[in-house]
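Could you look over this structure with me? I've jotted down some notes on its core, its aromatic rings and one of its helices.

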Amino acid sequence: MRTDLPCIVAVCAAAVLAAPAFAQDDFSKVEIQTEKLSDNVYMMTGSGGNLGVSVGEDGVFLIDDQFAPLTPKIQAAIAKLSAKPVRFMLNTHWHFDHTGGNENLGQAGAIIVAQENVRKRLSSEGFIAFLGMKTQPSPAIALPIVTFTTDVGFHLNGDDIRAFHAPNAHTDGDSVVHFVKANVVHAGDTFFNGLYPFIDASSGGSVAGVLRAADRILAMAGVKTKIIPGHGPLAAKADLKAYRDMLAAVSGNISGQIKQGKTLEQVAASKPSAPFDAKWGTGFLAPDKFVEMLYGNLKKK
Ligand SMILES: [Zn+2]
C-alpha cells in the first residue's frame with residue numbers, strides 16, 4: 001500500500017463531501033518517510049504531494065509542503081538531515097496538498113518561490129471544478145514572494161537547481177525542478193507514477209501540456225536519473241515513459257471518438273482505458289472517472 005493513500009482518500013472525501021469533511025481529516029497518524037536519492041537530495045512522503053529536499057552548507061531547499069498540520073512533522077524529518085531551517089520553499093503548483101504548509105513555513109522565515117500563476121491563484125478564491133472544491137485566498141505570508149515566468153536557477157549546496165515552467169500541464173503554474181549534479185528531477189503533478197493523473201482544466205491544465213512536460217523531462221533524463229512524481233513512488237525514466245505512453249494512447253483514443261461526434265456515454269462504453277486499468281486505475285482516479293475527466297478536457301478544445 002502506498003504511503004500517499006491517506007491523501008488520496010482525503011481528496012476523494014473532499015470531492016464527495018466538500019470542504020468541511022476534509023478539514024476534519026486526521027493527520028495525527030501520518031508519518032513522514034524519507035528516501036535518500038543522492039549525497040544531499042531526498043524525497044519525503046507523508047500525505048499530499050511528494051516532497052523534494054536538498055540539504056547542505058547553504059541551507060535547506062524544499063519542494064512543496066503538503067498540509068498545514070504536517071509542518072512540524074516535516075520540519076522534524078528535515079532536522080534529522082540538517083540543523084538549518086528551510087531557506088527556500090518552491091511550490092510546484094497551487095493545489096492545497098502541495099501548498100498547505102506555506103503559511104507555517106513563511107512564518108518560520110522561508111522564502112517561498114513559484115511560477116507567477118501560483119501566486120495569482122493562491123491570492124484569490126479558487127475553484128477546482130472536477131473536485132467541486134472551492135478554496136479561499138491565502139494570507140500574504142503564505143504567498144510566493146519570489147515569482148518567475150519561464151525558469152529560475154538556484155546555486156545551493158554544491159548543486160545547480162533549475163526550475164522551469166511547464167505551461168498548461170496539470171495546471172497553468174506547474175514547475176519541474178532539476179537537481180543537475182544530483183541527477184534528480186521533481187516533476188510535480190505533471191507526473192503521477194502508477195496512478196491515473198488528475199489534470200485540472202479549471203486551473204489551466206491540459207492533456208497536451210502534460211504530454212509536453214513529460215517529453216521535456218524524458219529528453220533531459222538518463223537511465224540513472226531519479227524522478228520524484230507529484231504522487232506515487234519514486235520513478236525512473238522508463239516509468240515516466242510508460243506514463244506518457246499511457247496518457248497519449250487513452251487521450252488519443254478519446255480525441256478520435258470526440259471527432260466522430262461520440263457522446264461521453266458512448267466513449268465510456270467503449271472502455272478506452274481498458275488496457276491500462278490494471279496498472280493505473282486503482283489509485284486516486286478510477287478508470288471511469290479518468291475517462292470522464294479526459295473527455296471533458298479534450299472536448300473543450
Ligand atoms: Zn495537484
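Here are my points, one topic at a time.

1. Some ground rules. This is a predicted model, where local features need pLDDT of at least 70 and side-chain atom pairs count only at pLDDT 80 or more, while totals for chains, interfaces and linings use all residues. Residues are numbered from 1 along each chain as its sequence is written, and side-chain values use heavy atoms, with hydrogens and water left out.

2. The cores. A nonpolar core is a set of buried Ala, Val, Leu, Ile, Met, Phe, Trp, Tyr and Cys residues joined through side-chain atoms within 4.5 Å. Buried means under 20% relative accessible area, exposed over 50%, and partly exposed in between (1.4 Å probe, protein chains only). The largest core here has 68 residues, and Leu247, Ile254, Phe290 and Leu294 have the most contacts inside it. Apart from it lies another core, of 18 residues, including Leu37 and Phe154. In soluble globular proteins, nonpolar side chains tend to be buried together.

3. Helix H11. Helices (H or I, at least four residues) and strands (E, at least two) are DSSP runs, numbered from the N terminus. The buried residues of H11 include Phe290, Leu294 and Leu298. What do the buried residues of H11 pack against? They pack against helices H7 (207-220), H8 (237-259) and H9 (264-269). Take Phe290: not counting residues up to four places away in sequence, Phe290 touches Tyr196, Pro197, Met246, Leu247, Val250 and Leu285 (contact means heavy atoms within 4.5 Å).

4. Ring pairs. The structure holds 10 aromatic pairs. Rings of Phe, Tyr and Trp (its six-membered ring) pair if their centres lie within 6.5 Å; planes under 30 degrees apart count as stacked, over 60 as edge-to-face and the rest as tilted. Phe61 and Phe154 have ring centres 4.9 Å apart and planes at 65°, so they are edge-to-face. Phe61 sits in strand S4 (residues 60-63) and Phe154 in strand S10 (residues 151-156), 93 residues apart. Both Phe61 and Phe154 are buried.

5. A tilted pair. For Phe67 and Phe96, the centres are 6.3 Å apart and the planes are at 45°, so this pair is tilted. Phe67 lies in the loop between S4 and helix H3 (71-79), and Phe96 in helix H4 (residues 96-99). Phe67 is buried, with a relative accessible area of 4%, and Phe96 also counts as buried at 14%.

6. A cluster. Phe61, Phe88, Phe154 and Phe179 form one aromatic cluster.
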